[in-house]
Amino acid sequence: MYSDEFIADGIIKKDERAFGALVDKYGGLIKSIVRYHLSDFPSYIEDCENDILLALWQNMAHYDTGKNSLKNWIGAVSKYKCIDYKRKYYKELEMENIEDRIIAQNDVYESLKEDVQSLLAGLSEADRELFYRRYILGERVEEIARRSGRNAAILYNRLSRGRKKLKRCIKESGIK
């Protein structure tokens, strides 16, 4: 069995024998930590184990024998790599949920758009445009009147009649 000092010094010097000794001596520890932390995410286990080994290979120079044993240092690196993988999983899951919500909202929007268009079809072209400008674009009646050169009172009257007509259409169709 190789000593921790041999393993650490060998990996710093990029000696593959030392790396093999690390895997032999601490591979079980790494596997158990990863399986404990990522048991709910089996598809990430192997990748995480490989990333831990790569991190140990690349960062062994940061290991300080005065602060920790090699076993504890490897355990800490393994644990934090598992946390990184959990964060990655949750971020991917959140992005999928956002995409699903956007698709659902677009479906609802298209359905509502069709419903509104079918309701407004009962109005004259001029009234449809008035409703669009007032209720969809949110323009003030005074602004619409100024642009069209019409009296605001007439436009308010047309909006009122149009709303009454839409209410009748909704009642007749049985929509609640």
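This is a predicted model: local features need pLDDT of at least 70, side-chain atom pairs count only at pLDDT 80 or more; totals for chains, interfaces and linings use all residues.
Residues are numbered from 1 along each chain as its sequence is written, and side-chain values use heavy atoms, with hydrogens and water left out. When I say helix, I mean a DSSP run of H or I of at least four residues, numbered from the N terminus.

Let me begin with helix α2, residues 16–37, and helix α4, residues 70–120, which pack at an angle of about 35° with their axes 9 Å apart; the axes are lines fitted to C-alpha atoms over the stretch in contact, and angles run from 0 to 180 degrees between N-to-C directions. The crossing of these two helices is right-handed, meaning that the near helix is turned clockwise from the far one by less than a right angle. On the α2 side the contact, which requires heavy atoms within 4.5 Å, involves residues including L22, Y26 and L29, and on the α4 side residues including L70, K71 and I74. By class, this contact has 9 nonpolar, 3 polar and 3 charged residues, where Ala, Val, Leu, Ile, Met, Phe, Trp, Tyr, Cys and Pro count as nonpolar, Asp, Glu, Lys and Arg as charged, and the others, Gly among them, as polar.

Turning to helix α5, residues 125–136, and helix α6, residues 141–148, we find that their axes come within 10 Å and cross at roughly 135°. L130, R133 and R134 of α5 meet V141, I144 and R147 of α6, and these residues divide into 3 nonpolar, no polar and 3 charged.

Which residues of α6 are buried? They are V141, I144 and A145, buried being under 20% relative accessible area, exposed over 50%, and partly exposed in between, with a 1.4 Å probe and protein chains only. Because they cover an arc of only 100° around the axis, they lie on the same side of α6, the arc being that of the directions from the helix axis to the C-beta atoms. On the other side of α6, R146 and R147 are exposed, and the cover over the buried residues includes α5 and α7, residues 152–173.

K14 lies in the loop between α1, residues 4–12, and α2, and counts as partly exposed because its relative accessibility is 41%.
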